[in-house]
Each structure stands twice: as structure tokens, then as C-alpha cells.
Amino acid sequence: MAEIHTPYASLKKLLSLLNGFVAMSGIILIGLGIGGKCGGASLTSVLGLSSAYLLHVGNLCLVMGCVTVLLSCAGWYGVTKESRGMLLFCILSMVIVLIVEVTAATVVLLFFPIVRDVVLEHTFVTLRKNYRGYNEPDDYSTQWNLVMEKRLSKYFFSSL
């Protein structure tokens, strides 16, 4: 027997699709957090402590991704079981998470030029202090030279 198409059935499908998108965005946030955590050690060893804030951003992405995935699972459960309380909890929680994310993004974009200048200056000071030369065997100089060789080769081969 064919399924009856009612506005209520369409709304259930739409909410399930929305929860799927929310779960996918949470998984992407988890992936970004893992990438920030794994790649942060090499970045910190090259740039010094000026890039240590990236480790905190990785933790934030991991936490927000896990919360988002859990909320989408709870929303999907609310849709399938037709639980109004669970759906209300999920919608209110997602609205709160959205408000927090928009506020954080606004603050970051508002203070980005100031923070970029401070971090860039600190990075240059660290580079001037620790870089010893092109053929020096210390870890800092070797890693910085590798980064610069990769950038130079990318620039050189892309201009051909």
C-alpha cells in the first residue's frame, strides 16, 4: 500500500533530513578538531608558542562537533518516536548552540585584524630568535627550511 502524503509526514521527512545535515556538520567539526589536534604539534614546534592557541581551537571543534552529533541523534529519535518534548529540547538546544557559534564568529571576525597582527609579530620575533641559518642542524631551522622549500616549490611549479 502506498504511503499517504500528508503535511505531517512531509514535516517528519524534512526534520529527519535536517537532523542528517546537522549530524554531518558535527562530523565535519570533529574532523577539523582532530586535524587541529594532530597537526598542532608540528605547527607549534615550527612557530613556537604563538600557535598554541590552535590547540584550543581544535578542542573547541571537537566539543562542538560531539555536542552537535548528539543533538542531531536526539532530534532524530524525537522525530521517529514523535516525542514533542524531545523535539522541543533539540530545537532549543540547537538554537542555543547556533547563538553561541554566531557570537563566537562575530567576536573572532571583529578582533581578527588585531589578533593577526599580534600573532604575526610574535611569530617574527620567535623566528628571528630561533632561526640559525639554512644549513644548521637544529630542529627549528630544519623544520622552517622544509616549510619554505615546500612553499617555494609550490609557487615555482604553479607559475610554470
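**A nonpolar patch, a salt bridge and buried residues**

Tutor: Val-107, Leu-110, Phe-111, Ile-114, Val-115 and Val-118 form a nonpolar patch on the surface, and together they have about 570 Å² of accessible area (by the Shrake-Rupley method with a 1.4 Å probe, where for residues only the protein chains shown count as cover). This is a predicted model, in which local features need pLDDT of at least 70 and side-chain atom pairs count only at pLDDT 80 or more, whereas totals for chains, interfaces and linings use all residues. Residues are numbered from 1 along each chain as its sequence is written, and side-chain values use heavy atoms, with hydrogens and water left out.

Student: What makes a group of residues a patch, and why is Phe-111 called partly exposed?

Tutor: A patch is made of residues with over 30% relative accessible area and no salt bridge, with like charges joined within 9 Å and nonpolar side chains (Val, Leu, Ile, Met, Phe, Trp, Tyr) joined within 5 Å. Buried means under 20% relative accessible area and exposed means over 50%, with partly exposed in between (1.4 Å probe, protein chains only). Phe-111, which lies in helix α3 (residues 84-130), has a relative accessibility of 42%, and therefore counts as partly exposed.

Student: How do you know how many helices and strands there are?

Tutor: Helices (H or I, at least four residues) and strands (E, at least two) are DSSP runs, numbered from the N terminus. By that rule the protein has four helices and zero strands, and from the N terminus on its elements run α-α-α-α.

Student: What does the UniProt annotation "transmembrane region" cover, and how helical are residues 14-34 and 86-112 in the model?

Tutor: The annotation, from an unreviewed entry, covers residues 14-34, 54-79 and 86-112; its positions are given in the numbering used here, with feature names shortened, and annotations may be inferred rather than shown by experiment. In the model, residues 14-34 are 100% helix and 0% strand, with their end C-alpha atoms 30 Å apart. Residues 86-112 are also 100% helix and 0% strand, and their end C-alpha atoms lie 38 Å apart.

Student: Why is the pair of Glu-82 and Lys-12 called a salt bridge?

Tutor: A salt bridge is a side-chain nitrogen of Lys or Arg within 4 Å of a carboxyl oxygen of Asp or Glu. The closest N and O atoms of Glu-82 and Lys-12 are 3.1 Å apart, which is within that cut-off, so the pair qualifies. It links distant parts of the chain, since Glu-82 is in the loop between α2 (53-81) and α3 while Lys-12 is in helix α1, 70 residues apart. Side chains of opposite charge can pair when their charged atoms come close. The structure holds one salt bridge.

Student: Are the two partners buried or exposed, or in between?

Tutor: Glu-82 has 45% relative accessibility and Lys-12 has 26%, so both values fall in the partly exposed range. Glu-82 also has a positive phi of about 55° although it is not a glycine.

Student: Why does Gly-33 count as buried, and which residues does it touch?

Tutor: Gly-33, in helix α1 (residues 7-47), has 0% relative accessibility, and so it counts as buried. Leaving out residues up to four places away in sequence, Gly-33 touches Gly-58, Cys-61 and Leu-62.

Student: What makes a set of residues a nonpolar core, and which residues make up the largest one?

Tutor: A nonpolar core is a set of buried Ala, Val, Leu, Ile, Met, Phe, Trp, Tyr and Cys residues joined through side-chain atoms within 4.5 Å. The largest has five residues, namely Val-22, Met-64, Leu-71, Met-94 and Val-97, and the elements giving two or more residues to this core are α2 and α3. Beyond its neighbours within four places in sequence, Met-64 is in contact with Leu-29, Val-97 and Glu-101. Over the protein, buried residues make up 23% of the 160 residues.

Terms used: Contact means heavy atoms within 4.5 Å.
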